[in-house]
Each structure stands twice: as C-alpha cells, then as structure tokens.
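Here's a quick briefing to read alongside the model. Take a look at the fold, then go through the points below.

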Amino acid sequence: MTEKLISIDGVAKRFPGAKGETTVFEDLWLRIDRGEFVCVIGHSGCGKTTLLNILAGLDTPSEGAILVGGKEISGPSLDRAVIFQGHALLPWKTVLGNVAYAVSSRWRNASRAEIEERARKAIATVGLAGAEGKRPSELSGGMKQRVGIARALAIEPTIMLMDEPFSALDALTRGTLQEEARRICRETGQTVYMITHDVDEAIYLADRIVLMTNGPKARIAEVVVNPLPVDRRQGQIHHDPHYYAIRNHLIDFLVSRSVILRDTPPPGYDQRNPPVVYLDHGQPAARAA
Ligand SMILES: Nc1ncnc2c1ncn2[C@@H]1O[C@H](COP(=O)(O)OP(=O)(O)O)[C@@H](O)[C@H]1O
Ligand SMILES: [Mg+2]
C-alpha cells in the first residue's frame with residue numbers, strides 16, 4: 001500500500017531581474033510516496049535546486065504550495081534533512097561532535113550519553129566507526145560526505161533532500177557511497193528527493209526519475225518508472241535487459257527532448273499529471289498514472 005507523503009501543488013517560482021521577472025517554473029505538480037527514492041534530472045539552470053530549496057523550506061514558492069503529510073510547509077524543519085554537494089561540516093568539531101550537534105538540535109532534552117549513542121550509531125551506519133575523533137581537515141572528500149549523510153540520518157528525518165551529493169567525488173568513492181545510500185535508504189524506508197546529472201546514478205538509485213525540461217518555464221516532462229528489479233546490484237545493472245532502454249531514454253531526453261518538450265508539449269499533456277513512462281518492454285510507452 002503506498003501512502004502519499006509529499007504533494008507539490010501548482011508551485012511557481014519567479015525571480016525579479018534587471019530585464020523583468022524570470023519564471024523558473026510554474027504550475028508544477030508532483031506526488032512522492034513515503035519510502036520512495038525519486039531522482040530529478042534536467043539541465044543546469046532548469047530549477048532543480050530552486051525546487052529543492054522550496055521543499056527544504058529555505059525558499060518560498062511564488063505560487064502554489066508544498067504539503068508534507070497533508071500539512072503545508074512553512075520553513076525549514078528537522079523532518080527534512082538536506083545533504084548538499086559541499087558537506088558544510090563544522091571544521092572545529094570532530095566527526096562525533098558534528099553529528100552529535102545535529103542530534104542535540106533534534107532532541108534538546110536528551111542526555112549527553114543518549115546524544116552520543118545516537119551519533120555513534122549513525123556514524124557506524126555510514127562506515128565511519130573508528131573515525132569519531134577526527135576533524136574534517138583529516139578526512140577525505142568521501143569521508144566528509146559520509147559524515148554529512150550520518151548527520152542527516154542521525155536526526156531521523158522523514159525526508160532526505162540531496163543536491164548532487166556525490167558529484168564532487170572520484171568514481172570509485174562515488175560508487176561506494178551510492179551503494180551505501182541505497183542500502184541505508186531501503187533499510188530505513190527513507191523518502192528521498194535527489195538531484196543528479198548522472199544518468200547511471202539515477203538508474204541505480206531511483207524508483208522513479210523525474211525529467212525536467214530546460215528553463216525558463218521548465219516543466220516536468222515525464223516521470224520515468226525504473227524498470228530494473230529492486231534487488232539490482234551496482235556494477236551489474238548494465239547486464240539487465242531493460243538497462244539500455246532506460247539509459248537511452250534518459251540520454252535522448254537530455255540531448256534533445258528537454259528543449260522540444262518545453263516549447264512543444266505533446267498533445268494531451270497535463271502539467272497536473274505529467275506522463276508516466278514505463279520502459280519494461282524495451283520500448284518507451286507512456287500511459288496514464
Ligand atoms: N536567488 C536567485 N535570484 C535570481 N535568479 C535565481 C536565483 N536562484 C536561482 N535563480 C535562477 O533560477 C534558475 C534555476 O536555478 P537552479 O534552481 O539553481 O537550477 P538547477 O539547480 O536546475 O541548475 C536559474 O536560471 C537561476 O539563474
Ligand atoms: Mg542545482
């Protein structure tokens with residue numbers, strides 16, 4: 001049984017500018033279920049981060065609303081943890097100190113021992129047991145990003161919002177962290193909204209992939225349902241018979257359809273209900289949700 005957790009209801013964002021107002025997007029609609037891992041793909045500047053900031057409560061929509069669990073959001077909340085590309089760790093605090101700091105903001109009346117226990121557990125989950133006493137300057141990029149994930153996990157958020165969290169890492173570390181992120185999110189039933197420009201990352205991680213057209217006035221062109229099995233293994237997905245269908249579909253979108261679909265939406269296109277694409281027969285076939 002799926003349960004709708006996030007409702008993006010007719011959201012617009014406009015920025016004032018020297019040459020008049022820019023509409024990043026308008027009349028954007030999307031639903032995300034509890035426990036779903038959603039990746040968003042689209043060219044730079046289409047509004048992915050703007051939407052994430054609104055979801056985080058760090059920015060407000062010009063029109064429309066975002067509801068989480070049926071309640072309109074009105075600012076940042078510890079229920080929605082954000083993981084950025086840069087890890088933004090406090091440099092003077094240790095790994096344990098950084099994670100414990102987040103825990104103590106969530107459970108203000110918890111004892112020191114309790115806070116430390118939660119922090120240590122999250123640190124162990126991301127594979128950093130033993131590094132609790134290190135400071136950020138002593139950590140590699142991958143380890144810093146793990147601390148960022150531990151910090152987010154430790155506050156047990158309902159939703160994790162990730163903005164290209166692995167894009168600055170080398171390929172090997174990125175692969176390892178993707179694997180860990182998928183395992184952790186599945187084990188904890190985490191709901192995730194993640195921006196990526198890496199098609200393979202989206203295919204490995206996402207249950208559904210939201211394709212945003214170029215901006216200004218970007219639209220959700222399609223929502224692609226990942227045809228790969230849930231027990232997929234990283235490094236093996238290219239052997240799956242559906243892999244090339246989805247990969248080609250995503251790349252074709254980025255290469256050409258992301259512009260065409262902004263300017264000329266297909267007949268019957270409804271922004272409130274963007275086409276859902278299933279690729280499980282090797283052919284792109286849109287059908288209603
Ligand atoms: N604070 C701001 N003021 C004016 N324009 C902005 C602001 N933030 C973002 N934009 C514009 O909104 C558009 C979408 O930006 P962004 O959400 O960062 O794109 P993406 O994350 O998809 O690369 C861009 O054209 C950007 O220049
Ligand atoms: Mg961005």
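Helix axes here are lines fitted to C-alpha atoms over the stretch in contact, and angles run from 0 to 180 degrees between N-to-C directions. Helices (H or I, at least four residues) and strands (E, at least two) are DSSP runs, numbered from the N terminus. Heads-up: this is a predicted model, where local features need pLDDT of at least 70, side-chain atom pairs count only at pLDDT 80 or more, and totals for chains, interfaces and linings use all residues. Residues are numbered from 1 along each chain as its sequence is written, chains are lettered from A and ligands numbered from 1 in the order in which they are written, and side-chain values use heavy atoms, leaving out hydrogens and water.

**Helix packing**
- Helix α2 (residues 95-106) packs on helix α4 (residues 141-154) at about 30 degrees, with the axes 8 Å apart.
- That makes α2 and α4 roughly parallel (angles under 35 degrees count as such).
- V95, N98, V99, A102 and V103 of α2 make the contact (heavy atoms within 4.5 Å) with V147, A150, R151 and A154 of α4.

**Ligand 1**
- An oxygen atom of ligand 1 sits 2.8 Å from a side-chain N or O atom of T49 (polar contacts are pairs of N or O atoms within 3.5 Å).

- Most residues other than glycine have a negative phi, and most peptide bonds are trans.
- D27, in strand β2 (residues 22-33), has a positive phi of about 50 degrees without being a glycine.
- G215 and P216 are joined by a cis peptide bond, with omega about -5 degrees; P216 is in the loop between β9 (208-212) and β10 (220-225).

Technical notes: Parallel < 35°, antiparallel > 145°, perpendicular 65-115°, else oblique. Polar contact = N/O pair within 3.5 Å; in protein donor to acceptor, adjacent residues only side chain to side chain.
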